[in-house]
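This report describes selected features of one protein structure.

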Amino acid sequence: MTFFDPDALMAAIGLVISLDTFLFILLGVVIGISFGAIPGLAHTLPIAIALPLTLVIPFHQAMGLLIGTYKGGTYGGSITAISFATPGTSGAAATVADGYGLTKKGKTRKALQMALYSSIFGDSVSDIALIFLVVPIGMVAPKFGPAELTALYIMALALVVLLAADNPGKGMISAAVGFFLAVIGRDIVTGSFRFTMGIRQLQAGFDLIPFLMGFFAVPEIIRHMRKVFVDPTSVEELGEGKTEQLQKEKGLTFKELIGAWKGLGLGTLMGIFLGALPGPGATLSSYTSHSVVGQISKDEEYGKGSLEGVAAAEAANNATCGATFIPMLTFGVPGSSIAAMLMAALMMEGIPVGPRVMVDHTETVYVMFLLLLFANPFNFLFGKLLIPVYTRLTRMPARFLWPAITVLLIMGTYAYQTRPFDVVIMILSGIIGCFFFWFKITDGPLVLAFLVAPLFEESFRQALMMSGGDYTFFFQSNISRVLWAVTFGAIVWFAYKRWRNGRSDYNMHVSD
């Protein structure tokens, strides 16, 4: 199938390459980065607010604003994840471990630059993949039914539990806590309430954004505020280095960027693949990528403050931007909530999204492709300009910085849905985060299980209803078999690796 039309391409270029369109893209990127960098104010909010503009201003300008906001916000979430261990978006949660670890070493600038370069790389490759592979990749997406999605979610969770946790027991505890928190609220099939303990506000369950904000930010706030009260002079700045050292902090070198090629490459590929499937999204992509790259990385600081870890998470996070349009443009199924809003913008213009859109509205599709590509340089430029600003923020005196972050955290949590109980969820999540910090339990399985549990439950129960309770239904398709084989192979490989390491330690002990 081909839809190349040189006349439509030239018309699309004429619309997009103009000062007014570039100004709307620029405005969208600035808004997206700003909202993405403020915990709670997700970039979905300005996109939702701007949707009616498609009825007022030309389509290419409105889409430039929306796409710019999307890309800027996806990158912007990494800024606070790196600077303050508070992910601005859920997709940036996997960046916290290595990004904030680098900040504590006084390498905030390097971490922010790696996040920016990885984001732009993953995003650009994803856009190119969308343009050239939209049809062949789109042909695979609808083959992922309930049985295949169930196998996919189990594989992703198994990889994170096995590969991200040094102690698999703690990894399973972490995943179990995430599953339990995710099922609080209304049953997705029967509509009955589960584990609400008679609290009316819990009927809506734990929302992802307040949960992530509390889980990651509150433990850090408590830890630093305790230091402020005990010895104010010992924590004047966030980084471990002195002011003079931080002022001389060097940026990311080309050698360091190239050295993270595993994270860049695998992160981008996983982001494209998982982003092309309806449901998984940026959070699943970034955590899966971060876990897998961690097993092949030779960096001993991986997971504690590694540039390669930042690259793996951010490349996968942003590689979903272009890939999420694949199922939308081919089958009318949005790959994410933002893709759903952009799909709504197309429908408001009277453009039916589905298999015929690339044939009947070729010029419109070309306009979107060009906007996706041109938004990346703007995202790079303003991300680069804002890095020095956020680097300096980490040098503020701790007695001012952490109280200010606390106020912003509470305000951002409440502003997310203007629901006071979200602040309670944030505090409860923070308490859980403190326990995880004190007992050194890895957080990746919890976050991924919290995200995957509703999707897994829906797919699992749909598959059982379709098959009449026949569990062999989960192994009938070739896609399912491959996913189960990967899961089983990961378990065997992990067990073998543990056995080999244990035997090596035993031989060393005997020789001593």
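Ala8 lies in helix α1 (residues 6-16); helices here are DSSP runs of H or I with at least four residues, strands are runs of E with at least two, and both are numbered from the N terminus. The model is a predicted one, in which local features need pLDDT of at least 70 and side-chain atom pairs count only at pLDDT 80 or more, whereas totals for chains, interfaces and linings use all residues. Residues are numbered from 1 along each chain as its sequence is written, and side-chain values use heavy atoms, with hydrogens and water left out.

Ala8 has a relative accessible area of 8% and is therefore buried; the term buried means under 20% relative accessible area, exposed means over 50%, and partly exposed lies in between (1.4 Å probe, protein chains only). Not counting residues up to four places away in sequence, Ala8 touches Thr362, Glu363 and Tyr366, where contact means heavy atoms within 4.5 Å. The C-alpha atom of Ala8 is separated by 9.4 Å from that of Val365, a residue 357 places away along the chain.

## Phe436 and its contacts

Helix α20 (residues 420-438) holds Phe436. With 7% relative accessibility, Phe436 counts as buried. Beyond its neighbours within four places in sequence, Phe436 is in contact with Ser174, Val177, Phe215, Ile441, Thr442, Asp443 and Leu446. Phe215 is 221 residues from Phe436 along the chain, and their C-alpha atoms are separated by 9.2 Å.

## Salt bridges

The whole structure contains nine salt bridges, a salt bridge being a side-chain nitrogen of Lys or Arg within 4 Å of a carboxyl oxygen of Asp or Glu. One of them joins the side chains of Lys71 and Asp123, with an N to O distance of 2.4 Å. This pair links distant parts of the chain, since Lys71 belongs to helix α4 (residues 59-84) and Asp123 to helix α6 (residues 108-140), 52 residues apart. Lys71 is buried, at a relative accessible area of 0%, and Asp123 also counts as buried, at 0% relative accessibility.

Which residues are linked with Asp187 in a network of salt bridges? The network consists of Asp187, Arg194, Glu457 and Arg461. Asp187 pairs with Arg461, their closest N and O atoms being 3.1 Å apart. Asp187 lies in the loop between β1 (185-186) and β2 (193-194), while Arg461 lies in helix α21 (residues 444-467), 274 residues apart. Asp187 is buried, with a relative accessible area of 8%, whereas Arg461 is partly exposed, at 22%. In the pair formed by Arg194 and Glu457, the closest N and O atoms are 2.7 Å apart.

## Backbone at Phe195

Phe195 is located in the loop between β2 and α9 (208-230). Its phi is near 55°, a positive value in a residue other than glycine. Most residues other than glycine have a negative phi. Phe195 is partly exposed, with a relative accessible area of 47%.

## Helix α5 and its crossing with α14

The axes of helix α5 (residues 96-104) and helix α14 (residues 307-323) come within 8 Å and cross at roughly 145°. Such axes are lines fitted to C-alpha atoms over the stretch in contact, and angles run from 0 to 180 degrees between N-to-C directions. Asp98, Gly99 and Leu102 of α5 make the contact with Leu307, Gly309 and Val310 of α14.

Thr103 also has its place in helix α5. Thr103 is buried, with a relative accessible area of 1%. Thr103 and Phe84 are 19 residues apart in sequence, and the distance between their C-alpha atoms is 8.3 Å.

## The chain as a whole

The protein chain has 22 helices and two strands. Of its 512 residues, 55% count as buried. Among contacts between residues at least 6 apart in sequence, 78% join residues at least 24 apart. The chain exposes about 22200 Å², of which carbon and sulfur atoms supply 68%; accessible areas come from the Shrake-Rupley method with a 1.4 Å probe, and for residues only the protein chains shown count as cover.
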